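I opened the model to look up a few contacts, some backbone geometry and the surroundings of the ligand. My entries follow in the order in which I made them.

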Amino acid sequence: SPVAAVIPAAGRGVRLGPGAPKALRSLNGTPMLVHAVRALAASRAVSLVVVVAPSDGAGEVKSMLDAHALPERTDVLVVPGGGTRQESVRLGLEALPPGHDVVLVHDAARPLVPVDTVDAVIEAVRGGAAAVVPALPLADTVKQVEPAGAPGAPEPVVATPDRSRLRAVQTPQGFDRATLVRAHKTVTGDVTDDASMVEQLGERVVAVPGHEEAFKVTRPLDLVLAEAVLARRRL
Ligand code: C5P
């Protein structure tokens, strides 16, 4: 069955510094969101992409996407987003027409994910997992701290989890559609990804190998890296 993708792109990108909403900023002359839509549409399984735009910018995003070439077999819908990533994803899910049993959720801020990673996530959902996350081992050791009151103040270290059992999780995350919709209807509280909502339902969530180039463009240095990766690909 065909796969649909929801791309939350309604974030302001505050950590990137002043400027346009993050997804609309350009990487080597092409908006980040266009790179992200192309990255998912590169998978032959993906027949629909729902872009969740800033709530006051859906029209602008629609005309921006219309001005760029995308594969003909992929339909693109644009819907207005919400105040949190979770709410934006939920609004994207509500806009999905029937007929897609597998749904990917992909950050617009990960514009360079390779198609092989997208296809590996889809394969694992089709293989029976309720949710699938692309994940990488950590380069850095991770510490749990007691957050300090004041910014910059020393923070007491509480624990050092075994790094070999930790993974940094990327997108696209892939889902059995009905399970993801149920998670968004029933799980409340702050979460930072969609798979954690499915975990809270007690469903089986698995990790497959992620890719270095699926990194999230968050801070100014990430823009430098993204443009270097595109230049290496001659884009
Ligand atoms: O803030 P964070 O880096 O977790 O954002 C991840 C993705 O969620 C980005 O693509 C961003 O545009 C999107 N987002 C959204 N709606 C919000 C906040 C973030 O669609 N209200």
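I began with Leu-40 and set aside its neighbours within four places in sequence; it is in contact with Ala-5, Val-46, Val-49, Leu-104, His-106, Val-118 and Pro-172, two residues being in contact if their C-beta atoms, placed from the backbone, lie within 7 Å. I kept in mind that this is a predicted model, in which local features need pLDDT of at least 70, side-chain atom pairs count only at pLDDT 80 or more, and totals for chains, interfaces and linings use all residues. Residues are numbered from 1 along each chain as its sequence is written.

I noted that the peptide bond from Thr-171 to Pro-172 is cis, with omega near 10°.

Next I turned to Leu-48, which is found in strand β4, residues 46-53. Is Leu-48 buried or exposed? Leu-48 is buried, because 22 other C-beta atoms lie within 10 Å; the cut-offs are 20 or more such atoms within 10 Å for buried, 12 or fewer for exposed, and partly exposed in between, with C-beta atoms placed from the backbone. Leaving aside neighbours within four places in sequence, I found Leu-48 in contact with Ala-4, Asp-75 and His-100. The C-alpha atoms of Leu-48 and Val-208, 160 residues apart along the chain, are separated by 23 Å.

I checked two residues for positive phi. Asn-28, in the loop between β2 (26-27) and β3 (30-31), has a positive phi of about 45° although it is not a glycine. Asn-28 counts as partly exposed because it has 14 C-beta neighbours inside 10 Å.

Helix α7 itself (residues 220-232) has 13 residues and reaches 19 Å from its first C-alpha to its last, close to the 18 Å expected at 1.5 Å a residue, where the expected span is 1.5 Å times one less than the number of residues. In the loop between β12 (205-209) and α7 I located Glu-212, which is exposed, with 11 other C-beta atoms within 10 Å. Glu-212 and Leu-136 are 76 residues apart in sequence and 7.9 Å apart in space, C-alpha to C-alpha.

For the ligand, I listed the 18 residues around it, of which Pro-8, Ala-10, Gly-11, Ser-88 and Ala-108 come nearest; a residue is near a molecule if its C-beta atom, placed from the backbone, lies within 6 Å of it. By class, this shell has seven nonpolar, seven polar and four charged residues, with Ala, Val, Leu, Ile, Met, Phe, Trp, Tyr, Cys and Pro counted as nonpolar, Asp, Glu, Lys and Arg as charged, and the others, Gly among them, as polar.

Last, I looked up the confidence: the protein averages a pLDDT of 96, and 100% of the residues score at least 70, pLDDT being the predictor's confidence in each residue, from 0 to 100. The model scores ipTM 0.94 and pTM 0.96.

Definitions and conventions
Helix = DSSP H or I, 4+ residues; strand = E, 2+ residues; numbered from the N terminus.
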